[in-house]
Amino acid sequence: MLPSTEYSRNAEVRLDSRFLRNVLLKGIGLFLICNWLFAIWNPGGLGKISLYNHLFPGRERFPFGENPAQSYNLSLFDLDAMFASHVIAGGARPADEYRLILIGDSSVWGILLRPDETLAGQLNAAGLTRCGKRVHAYNLGYPTISLMKDLLILDEAMRYQPDMVIWLVTLEAFPADKQLTTPLIANNPARVNALIRKFDLPFAGLSQPTLWERTIIGQRRALADLFRLQMYGVLWAATGVDQIYPTDYPRAQVDFETDASFHGWNPPLLPADALAFSVLEAGARAVGDTPLLLVNEPMLISEGENSDIRYNFFYPRWAYDHYRQRMAEQAQRHGWDYLDLWDLLPDKSNYTNSAIHLTPAAEALLARQIASVLTQKTCP
Amino acid sequence: MALAFILASIAITLLCTLANRRRGRTYLLMAVSVLAVYALQPALPIRFLDFWLPTATLTLAACGWALTLPAAGQDWKRDRAAALLLVGIAVLIGLTRYLPVSLPLLPSRPPQMSLVGLGLVISALIVALLIRYGRQARLLPISAPIFILGMFIALKCPPVTRQVSLLLRALNHQAIATANPLDIRWLGFSYIAFRILHTLRDRQSGRLPTVSLAEYVTYVIFFPTLPAGPIDRLERFVVDLRRPAALTAADWLAAGRRIVLGLFKKFAIADSLALIALNATNAWQVHAAGWMWMLVYAYALQIYFDFSGYTDIAIGLGRLLGFHLPENFNAPYLKPNLTQFWNNWHMTLTQWFRAYFFNPLTRALRSAARPLPVPVMIFLAQISTMLLIGLWHGMTWNFILWGLWHGLGLFFHNRWSEWTRGRLAGLARPWQKALNFGGAVLTFHFVALGWVFFALPEPSASWHVLLKLFGLA
C-alpha cells in the first residue's frame, strides 16, 4: 500500500475531507446505479454461464443439497444454472445416442443413491439399444413432489431434443393446491406464468419480483448460490460426491396413526378438481411428437400398524385407489402411454428412508422392468 | 469472527474515533477493549465459563502489569481509576443477568452477583499481593512464565484440556460424559499470553517502559488485535497511545482501504476458497492427484487470505484509532526461499519467537563451555523454534509434524545458502531472476505441502494425501 503522501502526490489530488466526502458520495452513487441497472437489465441468463461441462464434468443430476459442505452440492432455483451444470448440457448430442430423459421427484433424483445406482444410472449400465442407437438416460428428477415443477423442468428439457421422455409420477405430486408452492416454482415466476398461459392451466399466476428484489442486493442469495455452485464443481470433479451417504438413517415408516385423510380430503372419493391432471395434459402437449411414457412409481405397501387404513406414510388406501382409477381413466381418454408400477416392489426391504425411495437393488429391478417395456416398443 | 461482528467493531471504532480526544482516550479504549473481551468470547457448554474466561483475561492482564511494575514503586492514585473501571465493567456485565433482555455483551447469562463479587475479590487480592510482594519474590520472574506455559498446555493439549473440562463439569454438577476439549475455548489467550510474556521478559532485561494500569491492559487486550493479532510491542504501542490521535484525511483513506481490502480478502476470497480447501473429509474422497493439488492450493491460499484479511482489518481499525500496528504479512508466497517466507509470514509471531526463544537459545549454545559444531547448533535452534511454533497451534501430532517439516526446511535452506554463497554470487541478472522465480515456486510448494499436516488432524490422512499428490495412492 502506498503511503498517503505518496498517494496524494501521484494522484495529484488534495487529500482532504472534501476529497474523502466526494469518494464516499461517488461510491454510494455508483453502488446505487449498479443496483438499478442490474434490476432494469435483469440478466436472467447469468445462470447459463457455467464452468460445468467445460472445466468440470457435468453433474449426473440436478444440483440439490441442504448441507453443501458435506455433499458438495446445493439447492438453488436458477433453472438455467441447474441445466448448465447438468451433463445433458455438455455439448452436441452424439449421432448414435438415443436420448432418454427421466422426469420426476426425489425417487428419480436418487436420494441416498449414488449416481450410478439411480434409475438413470441403472438404465445406462444395462447397455440398452433402441432404434439402432445406444440408449443414454439422463436423470432430470428433482427432489420436490409437484407436477408443475416437473412440467417446468420438462419444458426446459425439450431444448435438448430427447428421443423419449419417461415421467414418473405419484399421487403426492397431484394435489392442485400444492402445484405453485414448491420453492423451485415459487422462485421462477416468469417461466411459471408463461407455462400457465401457454397451456391454459387453471392457476392464478405468480406475482413478479419487485424492483428491489431484482437488484444486486435483492438477488444476493441467488448470485451467491450461483457462485457456490461453480466452486463446488471442483469437489464434484475431484470426488464424484454429490450428496451425503449416511450409514444409518431412519427407515421408511411402516406403522401409522388411524388417520384416513389426504390433504384435508376424507373418504370415500377425492373431489373432482382435487388433482391437477391438467398439468399432466400440459406435459403431454409440451413433449409434442416425442414419445412420452408415464409411470406410476412403485411405493411401499406397509404391513404394519393401521396398514388397513394407509398404504404408507403418504397415502390412505381409499385416496390412492381412487387416484389410480382416475389416472387409468385419464390415460385411456388421452391415449397416454401409461405404466402403473405402484405394487412392483411392495416390501419394505426395497425402500430406504421413505415410501418412494428405492434401494439400489430395488432400483435395478425397476430399471429392468422399464427396460423391458422400452425394448418392446416399435421405432417410429 | 462473523461479518456482523466485524461491522459492529468498525462502527464502535468510528464512535471511539469521534470521541478520540487526548483526555480519557486510554480509558475509553480500555473500556471498549474490556467489553470486547467479553463480547468476543464464544459460548461454552460449561456453565458460566464464558464469563469467567474473559474475567480471567482481565485478571491476567492486571497481574502482568503488577509483575512489570518498576522497582521504584508505582503511583497508585494514577491507577486507581483504571482499576475501578475494570472492576466496574465486570460488575456491570454481571448485572446484565438481571435484565429482562439479553445483551450481545456476553454469549450467555452471567453468574449470580455473589459469585461475580467473589471472583472479583479473589482477582483483586491476587493482583494486590503481586503488587505488594511480586517484585521481592525471587522466583516470580521464572514462575510467571511457567504458569502461563502451564495454561497453554491446559488449553492446547487435547487430553489435558479434556481433563480440565471434566474437572470443571464435575465442579458445576454437569454431565461429564460429554466432556470435550472444545469445551474450553479461550478467545485470544495465545496472543494475550505472548504480550504478557514479552513484557515480563523485557522488564527483567530492563527494556520495558513504565506504563500505567490502563495503558498496560489496553495494550494486552486492544480490541482490534484481540482475536488474531498482530502481536505488537508495548514500547511501540504506548507511543501511539500517548500521542493525541488527530486523524488526517490520509489516515481515513488508508484505514478505509485497509479495512475494505481485509473484508474482501476474508469474506470474498478466503471464505470462497474454504468451500474447496483440503479438509479431513475430502482428503479421503479425492480420486486423482491433479484435483488433490487443487485442494491443497486452495487451502494454502485460503489460510493466507483469511489470516492476512483479519490482519488488514485489525490494522485498519487500529489506524482509525490512531495506531500504526505492525504488519504481519508481506507477500510471503512470493518469497524465493523458506527463510524469507518465515520473515514475511505472521511476522510478529516469528519476531516474538526469534527474540525470546531462537536468539537466546543460539546465544546459549554458542557460549557453552564446549560449543557444538555450527550446523548442529543451527539444526537444534531451528528445529526447536519451529517445533514450538507448531505446538503453539496445538499439542497434537499434526502440528508437531508441521513444525518439524518447517524446521528441517529452514535448516536445509540454511545449509544450501551457505554452500551456494560463493558459487552463485557472480550469476548474471537474468539467471538470478530465474533462480528467484524457481525458488519462489519451490518455496510455495514446500509450504503448501506443509499445510497438509496443518490442515488434517490425523497424520494418517496427511500421509494418504501426500501419497495421492504424487500418484502413489
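Visitor: In which loop of chain B is B:Pro230 found?

Guide: This is a predicted model, in which local features need pLDDT of at least 70, side-chain atom pairs count only at pLDDT 80 or more, and totals for chains, interfaces and linings use all residues. Residues are numbered from 1 along each chain as its sequence is written, while chains are lettered from A and ligands numbered from 1 in the order in which they are written. A cis peptide bond with omega of about 5° joins B:Gly229 and B:Pro230. With helices (H or I, at least four residues) and strands (E, at least two) taken as DSSP runs numbered from the N terminus, B:Pro230 sits in the loop between helix H9 (213-221) and helix H10 (234-242) of chain B.

Visitor: What is omega for the peptide bond from A:Pro267 to A:Pro268?

Guide: A:Pro268 belongs to the loop between H11 and helix H12 (277-286) of chain A. Most peptide bonds are trans. The bond from A:Pro267 to A:Pro268 is cis, with omega near 15°.

Visitor: Is A:Gln161 buried or exposed?

Guide: A:Gln161 lies in the loop between helix H7 (147-157) and strand E4 (164-169) of chain A, and its phi is positive, near 50°, in a residue other than glycine. A residue is buried if 20 or more other C-beta atoms, placed from the backbone, lie within 10 Å of its own, exposed if 12 or fewer, and partly exposed in between. Because A:Gln161 has 10 other C-beta atoms within 10 Å, it counts as exposed.

Visitor: How many C-beta neighbours inside 10 Å does A:Asn306 have?

Guide: A:Asn306 is not a glycine, yet its phi is positive, about 60°. The residue is placed in the loop between strand E5 (292-296) and helix H13 (317-334) of chain A. A:Asn306 counts as partly exposed because its number of C-beta neighbours inside 10 Å is 15.

Visitor: Which element supplies the largest share of the side of chain A that touches chain B?

Guide: Two residues are in contact if their C-beta atoms, placed from the backbone, lie within 7 Å; 19 residues of chain A meet 18 residues of chain B in this way. Helix H1 (4-11), helix H2 (17-41) and helix H11 (220-239) of chain A each supply at least two residues of that side of chain A. By class, the side of chain A has 11 nonpolar, 6 polar and 2 charged residues, where Ala, Val, Leu, Ile, Met, Phe, Trp, Tyr, Cys and Pro count as nonpolar, Asp, Glu, Lys and Arg as charged, and the others, Gly among them, as polar. The largest share, 8 residues, comes from H11(A).

Visitor: At what angle do H11(A) and helix H12 of chain B pack?

Guide: A:Val234, A:Ala237 and A:Ala238 in H11(A) meet B:Trp291, B:Met294 and B:Leu295 in H12(B). That contact has 6 nonpolar, no polar and no charged residues. Axes are lines fitted to C-alpha atoms, for helices over the stretch in contact, and angles run from 0 to 180 degrees between N-to-C directions. H11(A) and helix H12 (residues 289-320) of chain B have axes 9 Å apart and pack at an angle of about 145°.

Visitor: In a crossing of which hand does H2(B) pass H4(B)?

Guide: Helix H2 (residues 25-40) and helix H4 (residues 76-95) of chain B pack at about 35°, with their axes 10 Å apart. Their contact has 11 nonpolar, no polar and no charged residues; B:Tyr27 and B:Met30 are among them in H2(B), and B:Ala82 and B:Leu85 in H4(B). A crossing is left-handed if the near helix is turned anticlockwise from the far one by less than a right angle, and right-handed if clockwise. H2(B) passes H4(B) in a crossing that is right-handed.

Visitor: Which element gives the largest share of the side of domain 1 of chain B that touches domain 2 of chain B?

Guide: Chain B is divided into domain 1 (21-242) and domain 2 (326-469), with bounds from an automatic or database domain assignment. The contact takes 13 residues from domain 1 of chain B and 10 residues from domain 2 of chain B. Helix H6 (140-156) and helix H8 (189-204) of chain B are the elements that give two or more residues to the domain 1 side. The largest share of that side, 5 residues, comes from H8(B).

Visitor: What radius of gyration does chain B have?

Guide: Chain B has 18 helices and 0 strands, and its C-alpha atoms fill a box of roughly 65 × 55 × 50 Å along the principal axes. The radius of gyration is taken over C-alpha atoms, and the globule rule is 2.2 Å times the number of residues to the power 0.38. For 473 residues a compact globule would have a value near 23 Å, which agrees with the radius of gyration of chain B, 24 Å.
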